[in-house]
Amino acid sequence: MKCILILGDGMADEPIPQLGGKTPLGYARTPNMDRMVRDGACGMLQTIPEGFEPGSDIANMSILGYAPEKYYTGRGPLEALSMGIDLAPTDIAYRCNLVTVRDEIMADFSAGHITSAEGAALFASLAPHVPAVTIKAGVSYRNLLIVPHGSLADSTAPHDIVGKPISDYLPRNGDAQILLSCMAKSREVFRNHPVNVARVKAGKPPATQVWPWSGGRRPVFPRFSEKYHCRGGMISAVDLLNGIARCAGMEIITVPGATGYFDTDYMAKARYALDAIRRLDFVYVHIEAPDEAGHLGSIEEKVRAIENVDRVVGAIRKEFDGIVAVLPDHPTPIRIKTHSREPVPFVVTGKGTDKTTHFSEKEARSGMFGTKEATGFLSFLFS
């Protein structure tokens, strides 16, 4: 039986007073997910193993069945693989955000969702000033910094410290000195850069510096086809997810108009998933927008993003009669603007029915599947 998994990144949340005590998932108009619940059954999924930070890298690896305690080496190398960078065994690859820091406070972890073209121009200017490292421009604020013969530094994700002083979260140990030097040089180069001058003039936050984090060496995964004896594909606009897929030997399906933000082409993702499932056995459709809304602390944008995910669900189920699963990878609560580690709700059709009627955290807790560990989720779907 073929299967499509639709993942709304960060879609889970906490009850919010402004929504009448409902979560965004419980409040949003989701007729297609609700129909799935009535046609199928629900449960909860623990996606973050004990001892790991609740990152999208950890959660999505777990959902795909790759136990982080065995295979995780850091977010940076996964994104490097997605960008086609062949890391040497001694390289340390760090995710490298373009950020906005004001008065030593992390003001924006994405520099106002700076465009890829703007980011590339900033990195082109910075590269000659940091010859000891390799920097690679990616999508929007998501870039890479590679330290040859590196020694892993302790680092902090910038989206975890919005509104906080950066002095408490600077890189430590290992490659810390070279990373701090790159950060200092980026502040000099970016200060009066034409890209930032234009952004400020347009009322947009400037990219004041780089922020390296989550470094690691190249990981080695078992191939998806050997692990599950089927062919799998990944649809995502985010390098991290495509890096995980590349490590697993999954097909990476590029969708024109997919941006990893609120303006992504939701319906194009549905169309490409339906096309891919004709030749593949499993397609993982990753949608980033709910997570971005959570990090911004925007209730309105999160509800809208969830409703757009619901449109994808409806389009896929209209044309596909195999197993469909819908779930978040982790909560990104509006209250804290970052990820948390609580179990997430899931709904599956084609694996039985229960008495749940609406897709929400509250309903899923009473679903017949109970609480499962994420690393066994695909085996459960394929059984």
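1. Helix α14 (residues 361-364) supplies three residues to the lining of the second largest pocket, the largest share. Helices here are DSSP runs of H or I with at least four residues, strands are runs of E with at least two, and both are numbered from the N terminus. The model is predicted: local features need pLDDT of at least 70 and side-chain atom pairs count only at pLDDT 80 or more, whereas totals for chains, interfaces and linings use all residues. Residues are numbered from 1 along each chain as its sequence is written, and side-chain values use heavy atoms, with hydrogens and water left out.

2. The second largest pocket holds about 370 Å³ of space. Of its 21 lining residues, P15, T23, E361, K362 and R365 lie nearest the centre. The lining comprises seven nonpolar, six polar and eight charged residues. (A pocket is an open set of points on a 1 Å grid over the protein atoms alone, where a 1.4 Å probe fits, with protein on both sides within 12 Å along at least five of seven lines; lining residues have an atom within 4 Å of a point.)

3. The largest pocket has a volume of about 590 Å³, volume being the space filled by probe spheres set on the grid points. Its lining has 24 residues, and E53, Y72, S155, W213 and S214 lie nearest its centre. Strand β7 (209-216) and helix α3 each supply at least two lining residues, with β7 giving the largest share, three. By class, eight are nonpolar, eleven polar and five charged.

4. The structure holds 17 aromatic pairs (ring centres within 6.5 Å; planes under 30 degrees apart are stacked, over 60 edge-to-face, the rest tilted). F52 and Y72 form an edge-to-face pair, 6.4 Å centre to centre with 80° between the planes. This pair links distant parts of the chain, 20 residues apart: F52 is in the loop between β2 (41-46) and α3 (56-63), Y72 in the loop between α4 (68-71) and α5 (75-82). Y72 is partly exposed at 24% relative accessible area (buried is under 20%, exposed over 50%, partly exposed in between; 1.4 Å probe, protein chains only).

5. F377 and F380 form a tilted pair, 6.0 Å centre to centre and 35° between the planes. These residues are separated by about one helical turn because they are three residues apart in helix α15 (residues 377-382). Both count as buried, F377 at 0% relative accessibility and F380 at 14%. K372 lies over the face of F380, 4.4 Å from the ring centre (NZ of Lys or CZ of Arg within 6 Å of the ring centre and within 35 degrees of the ring normal).

Key:
Ala, Val, Leu, Ile, Met, Phe, Trp, Tyr, Cys and Pro count as nonpolar, Asp, Glu, Lys and Arg as charged, and the others, Gly among them, as polar.
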